[in-house]
Amino acid sequence: MPSKILIVGACGQIGSELTFALRDIHGEDAVIASDIKSSTSPELASGPFEILDATDYDNFKTVVSKHNIDTVYMMAAMLSGTAEKFPEKGWDLNMTSLFNVLNLGKEKLVNKIFWPSSIAVFGPTTPKVDTPQQTIMEPTTVYGISKQAGERWCAYYYKRYGVDVRSIRYPGLISYKTPPGGGTTDYAIEIFHEALKSSSYTSFLSQETTLPMMYMDDAINATISIMDAPTESIKIRSSYNLAGVSFTPEELYAEVKKHIPDFEMNYKSDFRQDIADSWPNCINDSEAASDWGWKKDFDLEMIVKEMLAGVKSLKEVN
Ligand code: AKB
């Protein structure tokens, strides 16, 4: 049986688009989508799909053996906002699922692993501007602590057991195909849906909160590029900094308003403001560029155009 790719968390914001992209490259049958619940997306369900609880090692192992899996993209995670509401659950899901996939690598049941980290590994003591790859990391959220610890475990499993695990510190990701699940950067997606629905939006982050963001196409491109890169070019085995474009809610509002002139934006910060304030404004990703050729394509203007067209097309279908 030819070796295959497994996406864990395929119903999520990144997992769904990664599944479509990898199926385009390798063919539908070569990419097994999996999630803890069955998919409501006919597109996802049109290819092979497994119910998989990433915190259950035996369940994981069975799916891996059944499909002769070579490569796992472990995308299941509890994001920053939700994990603050359920700290122990967040820690348990994020760490147990990582250990399970790393142990599959250690047992040589899979050859290559992708695991996502995040800008949440940084904290209030980290330099906020041009945040270096190696710097002070004192995250103050459960999500950030789990990602920082996870990075250290990835580096440990690579060094000690030779597990080929690769990782990226994603900024806030902007996409329209699948809704995000409980992140601090979700305002930058909600704004498009509300702009088209009611011409007004109340941001849960203040107008001057600058955060690093990225369009999903760039994120998928980066994910596939790091996994396709030759082993010797992956010099960082914790996780690579990755930058897209940094902007504030106010700047995003101004760009959306160019397309929807009567669009109104209000601001009412909630608990996610503290989280956002602890993260960097913009990231230095020169090592991803020099080690495996990372380069972004989408700036703010392009993101806004693509998002408005994408969200509109969803509304026409529904
Ligand atoms: C979140 O807001 O929790 C995520 C992230 C930056 O990792 N989008």
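Predicted model: local features only at pLDDT ≥ 70, side-chain atom pairs only at ≥ 80, totals over all residues.
Colleague: In what order do the seven strands of the open sheet lie, and which are the edge strands?
Modeller: The seven strands make an open sheet with parallel pairing, in the order β3-β2-β1-β4-β5-β6-β10. A strand at the edge pairs on one side only, and this holds for the two strands that span residues 49-51 and 240-241. The edge strands are therefore, by the rule that pairing takes at least two bridges, β3 and β10.

Colleague: Which residue of β4 is the bridge partner of Ile 5?
Modeller: Strand β1, residues 4-8, runs parallel to strand β4, residues 69-74, and five bridges join them. Within β4, the bridge partner of Ile 5 is Thr 71.

Colleague: Which residues are around the ligand, and how much of the ligand does the protein bury?
Modeller: The residues around the ligand are Leu 79, Ser 80, Ser 118, Ile 119, Tyr 143, Gly 183, Thr 184, Thr 185 and Trp 279. Among them, Ser 80 places a polar side-chain atom 2.5 Å from an oxygen atom of the ligand, while the corresponding distances are 2.7 Å for Ser 118 and 2.8 Å for Tyr 143. Taken alone the ligand exposes 250 Å², and of that area the protein buries 93%.

Colleague: How far does helix α6 reach from its first C-alpha to its last, and what span is expected?
Modeller: Helix α6 covers residues 142-161, which gives 20 residues, and the expectation rests on 1.5 Å a residue. From its first C-alpha to its last the helix reaches 27 Å, close to the expected 28 Å.

Colleague: Which residues of α6 are buried, and what covers them?
Modeller: The buried residues of α6 are Val 142, Tyr 143, Gly 144, Ser 146, Lys 147, Gly 150, Glu 151, Cys 154, Ala 155 and Tyr 157, and Tyr 143 is also one of the residues around the ligand. In general, an α-helix has 3.6 residues a turn, so residues three or four places apart point the same way. What covers the buried residues of α6 includes the helices α4 and α5 and the strands β5 and β6.

Colleague: Where is Ser 199 found, and what is its phi?
Modeller: Helix α7 has 12 residues and reaches 15 Å, close to the 16 Å expected, and its buried residues include Tyr 187, Ile 191 and Phe 192. Ser 199 is found in the loop between α7 and β8. Although Ser 199 is not a glycine, its phi is positive, about 60°.

Colleague: Is Asp 130 buried or partly exposed, and what is its relative accessible area?
Modeller: Asp 130 is found in the loop between β5 and α6, and it has a positive phi of about 55° although it is not a glycine. Most residues other than glycine have a negative phi. Asp 130 counts as partly exposed because its relative accessible area is 42%.

Colleague: Why is Glu 255 counted as buried, and with which side chain does it make a polar contact?
Modeller: Glu 255 has its place in helix α9, residues 249-257, and it is counted as buried because its relative accessible area is 10%, where buried means under 20%. Leaving out residues up to four places away in sequence, Glu 255 touches Leu 300, Glu 301 and Val 304. The side chain of Glu 255 makes a polar contact, at 3.0 Å, with the side chain of Lys 258.

Notes: Residues numbered from 1 in each chain as written. Heavy atoms only, no water. Helix = DSSP H or I, 4+ residues; strand = E, 2+ residues; numbered from the N terminus. Expected span 1.5 Å × (residues − 1). Buried < 20%, exposed > 50% of the residue type's maximum accessible area, 1.4 Å probe, protein only. Contact = heavy atoms within 4.5 Å. Near = heavy atom within 4 Å. Polar contact = N/O pair within 3.5 Å; in protein donor to acceptor, adjacent residues only side chain to side chain. Areas by Shrake-Rupley, 256 points an atom, 1.4 Å probe, with all protein chains shown as cover.
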